[in-house]
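Hello,

Here is the structure for you to look through. My notes follow below it.

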Amino acid sequence: MALLSAEKVSFSYDKQKKVINDFSLSVEKGEYIAIIGHNGSGKSTLAKLFNGLLKPDAGDLTVDGFSVHDKKSEFEIRKRVGVVFQNPDNQLVASIVEDDVAFGPENLGVNRKEIGERIDFALSSVGMQDFRHSSPTRLSGGQKQRIAIAGVLALTPQILVLDESTAMLDPKGRAEVLSVVKKLNKEKEVTVISITHYMDEVVEADRVVVLSDGKIALSGTPEQIFKNQEVLNNLGLELPLCTEIAQKLGLGDGVLTKERLAEELCKLTLKI
């Protein structure tokens, strides 16, 4: 059984225009999925549907077998799906880092000994254990976002949903957060659903879902998705910079990373 399953889900805020329309998706444990789409395509609405903050108007969405339509399941779903939003300042609630990370488990009634263990796990997972007694206000944007992720990890979720979580960060901060997310996915088997408009982040995913007007327009591996340049352009989406450079140099469609681009350029120079 899929860890998260959406079956013909539809949702609208005003009961007229559907923001999410007949959306179906199956996510397995340990997957890393990227969801991309133009502004207004419904990406952030999906994040709220995934952890039960919003309820579908039609269709069903289950997490680990719990349906979002079952009011008794809300607690179990929100324990399993943690969401990190765009602005970390909106998720930091305490004046000391460790207190902030402890906030979620304390509200779940976790005993003090286990809370300490969860703080240790969460901060070490994001590489912020040395900042345990620091004030979040003195941290950089990337560090704040890592603390926001730690706060979610302290709830021990099975699924980590990142809703444009790197949008307000500089390149260094984005790289810090992406590194943490990849580590959690590979080493801790945390299922990741990354909603982003940075195509360079998308190439790290196992699978990419392209959303348009609340529907899935494309789905596949990053290599499959970025071969559809015309479709992506029509949807207002760009290629990763490395892919765009490679195509202009005639190096093919399969170049998605800086490392692969460097390899292909070396091969090209050897032919000259």
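**What I found**

S73 sits in the loop between β5 (66–67) and α2 (74–80). Helices (H or I, at least four residues) and strands (E, at least two) are DSSP runs, numbered from the N terminus. This is a predicted model: local features need pLDDT of at least 70, side-chain atom pairs count only at pLDDT 80 or more, and totals for chains, interfaces and linings use all residues. Residues are numbered from 1 along each chain as its sequence is written, and side-chain values use heavy atoms, with hydrogens and water left out.

Back to S73. Its relative accessibility is 5%, so S73 counts as buried (under 20% relative accessible area; exposed is over 50%, partly exposed in between; 1.4 Å probe, protein chains only). Leaving out residues up to four places away in sequence, S73 touches F66 and S67. Touching, or contact, means heavy atoms within 4.5 Å. From S73 to E204 the C-alpha distance is 32 Å, and the two are 131 residues apart in sequence.

Next, T196. This residue lies in the loop between β8 (191–195) and α7 (199–202). Is T196 buried or exposed? T196 is buried, because its relative accessibility is 2%. Its side chain reaches the backbone nitrogen of Y198 at 3.0 Å. Beyond its neighbours within four places in sequence, T196 contacts I35, I36, E164, E201 and V202.

Last, L241. You will find L241 in helix α10. At 53% relative accessibility, L241 counts as exposed.

Best wishes

Key. Polar contact = N/O pair within 3.5 Å; in protein donor to acceptor, adjacent residues only side chain to side chain.
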